[in-house]
Amino acid sequence: MAAEVAAQPVNGTATGSRARWKHMDTLLSRPGAYTDEDDFAPGSVPIGNIEQSRILVIGAGGLGCEILKNLALSGFKHIDVIDMDTIDFLFREKDVGKAKASVAAEFVMKRCPGCVITPYAGKIQDKDEDYYMQFNLVICGLDSIEARRWINATLVGMVDMENPDSLKPLIDGGTEGFKGQSRVIFPTMTSCIECQLDMHAPRAAVPLCTLATIPRQPQHCIEWAHIIKWEEERKDLVLDTDDPEHITWLYQKALGRAKEFKIEGVTYSMTQGVVKNIIPAIASTNAIVAASCCNEAFKIVTSAASFLGTPGENNYMLYTGDASIYTYTFEHQKKDDCPVCGNLPKDLFVNPESTLGELVEGLAERPEAQLKKPNLRTEEKTLYYSSPASLEESTRPNLKRKISEMLADGEEFAVSDPAFEINFRFIARYA
Amino acid sequence: MLKIWSMKQQQQKNEAAAGPAAKKKKVTAAQLRVQKDLSELALPQTMKTVFPNPDDILNFTLHLTPDEGLYKSGSFSFTFAISQNFPHEPPKVKCQQKIYHPNIDLEGNICLNILREDWKPVLNLNAVVVGLQFLFLEPNASDPLNKEAAADLQGDRDRFKRNVRSSMQGGSVKGESFDKVVK
Ligand SMILES: [Zn+2]
C-alpha cells in the first residue's frame, strides 16, 4: 500500500517525508466499510487535510496537553493553543512561572518535529472572529464552563450562509475525577454547549451559615476565610488566586479557624485547590477523553469514518470510570429556546429615520410576536424595557429617538416578552 | 465536512433565509436571560429596582421596605451583581446596610439557600426577590449568620423584637452599632 501512497505525492508537507505516518496513510488511501463514498476520496485529499488543517486547542492543562500531543502524533501540523494560566505546580521546576500554553507548545514540538504549535498566553475573549475564522476546527480541553459558553456563542454567531468555512466544528472534552465526556457540536446545526448546560451540575456549595457557625471539614474553614474573612478584613483588595501572598493569607486564617473548631487537615495546597476550585484530575481519564476528542477530529477532517455530531445522530459520549466502567453515547437534542442557538437572529428591515417607538409597535403587530410588554436591548444598550418600572422610566425617552441613533446597520438586538417562552433575536438591516 | 455543509444548506432552506452574520457584538446569553427575567419580574409595592447604569442590566440595586413583620417600615437595599456565567452561577446579592438579622452578617452577606447551595439555573430573579422578602417576614434562627441575633430570636422573641426596633433606629445591640434604616 505504501507504493500507492508514493504514487500520489502530497504537496506542501512540512517534513517532506511521510514515513512516520505510513500506516495512517495506508488507512487514508483506501475506502473502508465505514467510509462515506460521497465525502471520502481516498489518498491525497484526506492526507492533505490532515497536513494542512489548522486546529485550535483551548486549554493547556492536563486535558489540553494530552490533546496537543495526540493531535501532533496523529499527523496534524498546524496547531494553535490558548491558555491564560501560568504554571504553578505539577510541571517541572524550571517551568514554574512560565505560560502553560508556551511550555506545552515547546514540549510537544520537540517530540514531534514538523508540527508547528503556536501558543497564545491569554484569554480566549482577547481574540475576535477574524482570529477564530482561521481555524478548521476547535477543540476545548477546559475546566471552565464560562469559557466554554463563550467560545460556543462565538462560533454559533460566526456561521454565515455565504461562507461554508464559517462553520467550525467544536469538539469539547471535559473530565472530573473518574468521569468525563466528549461531544461534537456543529454550531447552529446541532445541540450546543448552552443547550447542554443542564449536563453540568452547578458547583456543590456549602450553606453560608454552616461556614459561619459550624464548620465541620477543613474545606469549610478555607471557604470561610475565602468568602467571609477576606471581605471583612481585605475588602479593598481584589483576591488574586494566583498570588502566593493571598493564598498564604487565606491559609493562615483557615488554619486559625480550624484550630478553634478542632478540625484537622487544612494545608496550603488544599487552600489553593478549594479557592481555585480545582477538581482533582486523573491522568488516565484525561487520556481517555483526549483520545476520543482527537479521534473525532481526525474523522471530521479526513471523512475517513462517521463521526460524533452528524445532525440527527449521536453527539455526546459520556464516560464514567468510578463505578466500574460505563460509557454511553447519545444524541443530546437541540433546544428551541436555547438563548444561543435556539432561534437564530432573523433579518429585520428598518427605516433608520423612523423612531424606536415605531419599531416596537411594528414588532407587536408581527404575527409571530404579538408582544405585550417587550424588553429590547443590544449588547451595549438597553433600548426599551417595559419592566421593571424604573427601567421603563429611564428608557421611555428612547422611544422618541431615531433608529439611526439607537441601532447600527447590521447590529443584533434581542426582544423578550413575558408572553413568550423564547427570546427573539433580530439583525437590524437599514432599508 | 462537505456533507455537513450541504445539510446546513438544506436546513437553512427550511428556515427563513438570513444574510451575513451580525456586525458588532451579540447580546450575551447572560444578558438575554436577565432581560427575560426582568420582563417577568413581578415586584410588590414594597420593592423597587434602581439601575445606576440603565445599559448595564447585570448590576442593580433592589430596595425593600417591608409593610409587615418585625422589620416593617425599614428601608433595606441589596446590590445584585450578575456574572456572564448566569444562570449557571447565582447572582451575588449583598445587603448594603449593617443590620441586626439572624441570616445576614455585619458585612451584608446573606444566608439564603437559593443564593448558594440550592441555586439551579431554572431559578430566576423572581425567586431570589421572593426569597429576600421572605427573610424579612420570617427571620430564621436555624440558619444563623449573626449568631447573637439568632440566639435572641430563639431564646427570647420579645427581646429580639426590641433589638430589631432599636437597631433599625441606628442604636446598638450588645455593643455593636447598626445603620439607621427608618425615617
Ligand atoms: Zn444551543
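## Domain layout

In this predicted model, the C-alpha centres of domain 2 of chain A and domain 3 of chain A are 46 Å apart. The assignment, which is automatic or from a database, places domain 1 of chain A at 2-200 + 280-330, domain 2 at 208-275 and domain 3 at 346-430.

In chain B, an unreviewed UniProt entry annotates residues 29-173 as "domain: UBC core"; such annotations may be inferred rather than shown by experiment. Residues 29-173 of chain B are 31% helix and 15% strand (DSSP runs: H or I of at least four residues, E of at least two). The end C-alpha atoms of this stretch lie 45 Å apart.

## Interface of chains A and B

Chain A contributes 78 residues and chain B 55 residues to the contact (heavy atoms within 4.5 Å). About 5900 Å² is buried between the two chains (accessible area lost on being put together, 1.4 Å probe, summed over both). Carbon and sulfur atoms give 58% of that area.

## Polar and charged pairs

Four salt bridges cross the interface (side-chain nitrogen of Lys or Arg within 4 Å of a carboxyl oxygen of Asp or Glu). One of them joins B:Glu107 and A:Lys235, with an N to O distance of 3.4 Å. On the side of chain A that touches chain B, 37 residues are nonpolar, 16 polar and 25 charged, with Gly counted as polar and Asp, Glu, Lys and Arg as charged.

## Basis

Residues are numbered from 1 along each chain as its sequence is written, and chains are lettered from A and ligands numbered from 1 in the order in which they are written. Local features need pLDDT of at least 70 and side-chain atom pairs 80 or more, while totals for chains, interfaces and linings use all residues; side-chain values use heavy atoms, without hydrogens and water.
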